Amino acid sequence: MENEITVTSDLDLWHIDFIAETEKQNFSEPWSKNSILESLAHNTKFFVAQTADTLLGYIGLNFVLDEGYITSIAVIEEYRKKGVATKLIKACFDFAKENKLSFVSLEVRTSNKAALSLYEKMGFSKEGIRKNFYSKPNEDAIIMTRRF
């Protein structure tokens, strides 16, 4: 099937370019291409969702010892609400289980109701607040964790 969504962590340079460009389009303080490349050398794994001919979104997971931290997740606008983010999160969970991580955690803007709903559906629980975590605009973050 041509439009089947697959997820890969075998990245080429064009995947890195896509991640950097998607960061710019979706976040007020995006990671640069250099930051992404540097993070790959320091216990961060990126997963990219794609069809045969289109990159759809990505998720980054930093892992230290038995802890996992989602650094960012984004899906290009025309592919949102089509299961792409769910597939990306499941890929992170599979990696976490294979590598015996005890949890995966993330921060999300308090105003991002769509993301909050998705994360709760995926088994994340609210575990705290980081005051003024985000800027442009200033906003608190909700810390959410999925334990294994």
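1. In helix α1, His15, Ile16, Phe18, Ile19, Ala20, Thr22 and Glu23 are buried, where buried means under 20% relative accessible area, exposed over 50% and partly exposed in between (1.4 Å probe, protein chains only). Those buried residues of α1 pack against β1 (6–8), α2 (33–40), β2 (44–50), β3 (55–64) and β4 (67–75), with contact meaning heavy atoms within 4.5 Å.

2. A word on the basis: this is a predicted model in which local features need pLDDT of at least 70 and side-chain atom pairs count only at pLDDT 80 or more, while totals for chains, interfaces and linings use all residues. Residues are numbered from 1 along each chain as its sequence is written, and side-chain values use heavy atoms, with hydrogens and water left out.

3. Back to α1 itself: the helix covers residues 13–26, 14 residues in number, and reaches 20 Å from its first C-alpha to its last, close to the 20 Å expected at 1.5 Å a residue. That expected span is 1.5 Å times one less than the number of residues. Helices (H or I, at least four residues) and strands (E, at least two) are DSSP runs, numbered from the N terminus.

4. Please look at Thr8, in strand β1. Thr8 is buried, with a relative accessible area of 17%. A polar atom of the Thr8 side chain lies 3.0 Å from the backbone nitrogen of Asp10. Leaving aside neighbours within four places in sequence, Thr8 is in contact with His15, Phe46, Phe47, Val48 and Gln50.

5. The largest nonpolar core has 30 residues, and Ile59, Leu88, Ile89, Val108, Tyr119, Phe124 and Met144 have the most contacts inside it. Such a core is a set of buried Ala, Val, Leu, Ile, Met, Phe, Trp, Tyr and Cys residues joined through side-chain atoms within 4.5 Å. Its largest share, nine residues, comes from α3. Apart from this core lies another, of eleven residues, among them Phe18, Ala20, Phe46 and Ile76.

6. Which residues lie nearest the centre of the largest pocket? They are Phe27, Ile73, Asn112, Ala115 and Tyr119, out of 38 lining residues. A pocket here is an open set of points on a 1 Å grid over the protein atoms alone, where a 1.4 Å probe fits, with protein on both sides within 12 Å along at least five of seven lines; lining residues have an atom within 4 Å of a point. The largest share of the lining, seven residues, comes from β4.

Technical notes. Polar contact = N/O pair within 3.5 Å; in protein donor to acceptor, adjacent residues only side chain to side chain.
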